[in-house]
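Grab a pencil and get ready to work through a few exercises. Have a look at the sequence and the 3D view first, then try each task before you read its solution.

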Amino acid sequence: MADVVQYKMERMLPELEDLEKHALFSRLEISEIVKQRRKFEYRLKRPSPLKQDFLAYIDYEKALDSLRLLRKKKTGHRKLKKSLSDYAGVSRIIQIYGLATSRFKGDIELWFHYLEFCRERRNGRMKKALAQAIRFHPKVPGVWIYAAAWEFDNNLNAAAARALMHSGLRACPTSENLWVEYLRMELTYLNKLKARKVVLGEDEGTLARSVKNAKEEQWRNENKELFMTLDDKKEDDKLSNLHDGDSKEKLDLFREQGLSVLQTVYSGSIKALPSSFSLRTQFLEILEATDLAHSEDMRNEILADMKRDFSKEPKYWDWLARLEVVDLNNPESTEAMTADQLSRAILVYEEGLKIVPSASLFDCYANFLMDVIHFKNQGSQSSEHFSAASHAMDPISHLLVVYEKAETMECITEDLACQHVSFLLQLGKVDEAKILAEKLCSGNFSEAVQLWALRFSIEMRFIQKNCTPNKAALSSIFEPLRNVLLKVPISEAETIWLMALKYFSTHKQFFDKLVETSMTLLVKHGGSDDGFSLSSTIVNFVLQRDGLGSARELYKRFLALPHPGHSLYRNCIELELNLASSGDKISLGNARKLFETALTTYDQDVGLWKDYYNMEVKMGTSETAAAVHWRARKTLKKSISLLPSQ
């Protein structure tokens, strides 16, 4: 290994001498370069070099070459004839990339780094690197797209780019990106040909559809007298009017060819990906952005195919409805939604519900109306656009109707129910929200934790707002709360437990009942070994409210239950250790008892043994620490290496 590294270092001598000759690096700097390169070379010659070793070497060489170029520019040597050092750095980086990709052939990210370097430096290795990448990753669409883009943009070779795309589609026929990028490439090529015709004066316009602001176009039409028309332009208009009939009959071959290309690619893509909804939408976006012949007919054809294939899917109706309005995700849009647009979108959703009466579509419907309300409140929507609309078209009132309709059609989910209640609260209708929450929780959502949590928050707010909390009022909340806590597993009811403990922590009678309820559940299901620990949470509440004495009594009750759980032991040990660190001998004894009790169940827990040993080292004696260490070695056997040495 040393001989190979020494041989490589000796081959660098001409390059290093050239750097010193042109005064780009001093002798001391060259010595440091040699030292760093030797270190990297030894790393690469290890039996199993890491990917990071190659990348670190490449980053160093890139930084070194950038420094060389900077110094060459500063010293004015840039205009001189290129020497060996101008090529050696890039050549070495290419060599390291070659070694890295040979060892990590399956790392596609590494291959793209290699390709990007070749593209940026234009070193003539791109074709070879692309061929290797395609050979090792023929099923990665991104490689074919990258290769075709390089041929099309850098080499201006449309035929080679088309051949690469065809090969890619044969290798990856189910890639949406390949189909879309292939269509974009073909239309871009036609647009370039048409642009050349325009430059030569043989044609006019482009295939790219010009997007004009509707308000600007309307203003221009209303103020035509403000624009002066040149006389020669008028004469040209007169001459053009003479041949108007001929020009209408003349076919625009580029627009026709563009349509033909789109039809061909579209038919091939839907055969390969008949169930891809996003592919159809991307084709429509391309069609909208391109000025093709009979584009409206093609658009209707795609929409008809989508309705035929996806009319049973909620996402189709959601997309179709949103197509009727402006971009709701862009509040700064210069366009404003009209009542007619909103009405058409609502009609689409209503038609979809007749075909697909599902909770998913109701969810999409409600989210759409929420977006409309948000869009309107952002100031992009002026009030006069809805002034002529009927009450049914008001998005707020219509959203309430949608929630009620979902409940009537039995398509309501827990999320929709929570949205309905929350929306009423946003509107300030607290009484209606309270009645609705009670109704839903007593029906199909008797065990819906999220909805129950929302209901209890409303109930608590309602009691505090309207009266001073008394025993009767608190009982009206506590009893249904206790019933749902007994039904729902502890791990799922974390939110409700935390709300209940926090709210009733100042009401001892009800808090004690919550503790008894938790005892009942823990006897039945046991404590938690990880995640949410109900017993630990209650102990912490009692510690903050009543102090250490009450907390100790309570955790002893919990520990007496069958399978109290790893989390409770950890919490109680931490509680006692905090006091033992301040010199409390009683707490130290309690901590030892807790460790011993926990280890009877979790004797293979290395972390527990480690904490026990560390406690004895810090707070106990050398004899007690040695005893714990010996027991850990005997119990854990091979895992003893994880423990600190005595």
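## Exercise 1: Glu41 and its surroundings

The side chain of Glu41 makes a polar contact with the side chain of Tyr57, at 2.9 Å. (A polar contact is a pair of N or O atoms within 3.5 Å; within protein, one must be able to donate a hydrogen and the other to accept it, and residues adjacent in sequence count only if both atoms are side-chain atoms.)

Before going on, a word on the model: it is predicted, so local features need pLDDT of at least 70 and side-chain atom pairs count only at pLDDT 80 or more, while totals for chains, interfaces and linings use all residues. Residues are numbered from 1 along each chain as its sequence is written, and side-chain values use heavy atoms, with hydrogens and water left out.

**Task.** Work out whether Glu41 counts as buried or exposed, and find the residues that Glu41 touches.

**Solution.**
- Step 1: Find Glu41 in helix H3, residues 27-44. (Helices are DSSP runs of H or I with at least four residues, numbered from the N terminus.)
- Step 2: Check the accessibility. Glu41 has 6% relative accessibility, so it counts as buried. (Buried means under 20% relative accessible area, exposed over 50%, partly exposed in between, with a 1.4 Å probe and protein chains only.)
- Step 3: List the contacts. Leaving out residues up to four places away in sequence, Glu41 touches Val5, Lys8, Met9, Met12 and Tyr57. (Contact means heavy atoms within 4.5 Å.)

## Exercise 2: Leu416

**Task.** Find how far apart Leu416 and Tyr403 are in sequence and in space.

**Solution.**
- Step 1: Go to helix H21, residues 414-426, where Leu416 lies.
- Step 2: Leu416 and Tyr403 are 13 residues apart in sequence, and their C-alpha atoms are 7.3 Å apart in space.
- Step 3: Tyr403 is one of the residues Leu416 touches beyond four places in sequence; others include Ala359, Phe362 and Ala406.
- Step 4: With 1% relative accessibility, Leu416 counts as buried.

## Exercise 3: two helices side by side

**Task.** Decide how H28 and H30 are oriented to each other.

**Solution.**
- Step 1: H28 (residues 548-559) and H30 (residues 585-601) pack at about 10 degrees, with axes 13 Å apart.
- Step 2: H28 and H30 are therefore roughly parallel. (That label is for angles under 35 degrees.)
- Step 3: Arg552, Tyr555 and Leu559 of H28 meet Ile586, Ser587, Asn590 and Leu594 of H30.

Terms used. Axes are lines fitted to C-alpha atoms, for helices over the stretch in contact, and angles run from 0 to 180 degrees between N-to-C directions. Angles under 35 degrees count as roughly parallel, over 145 as roughly antiparallel, 65 to 115 as roughly perpendicular and the rest as oblique.
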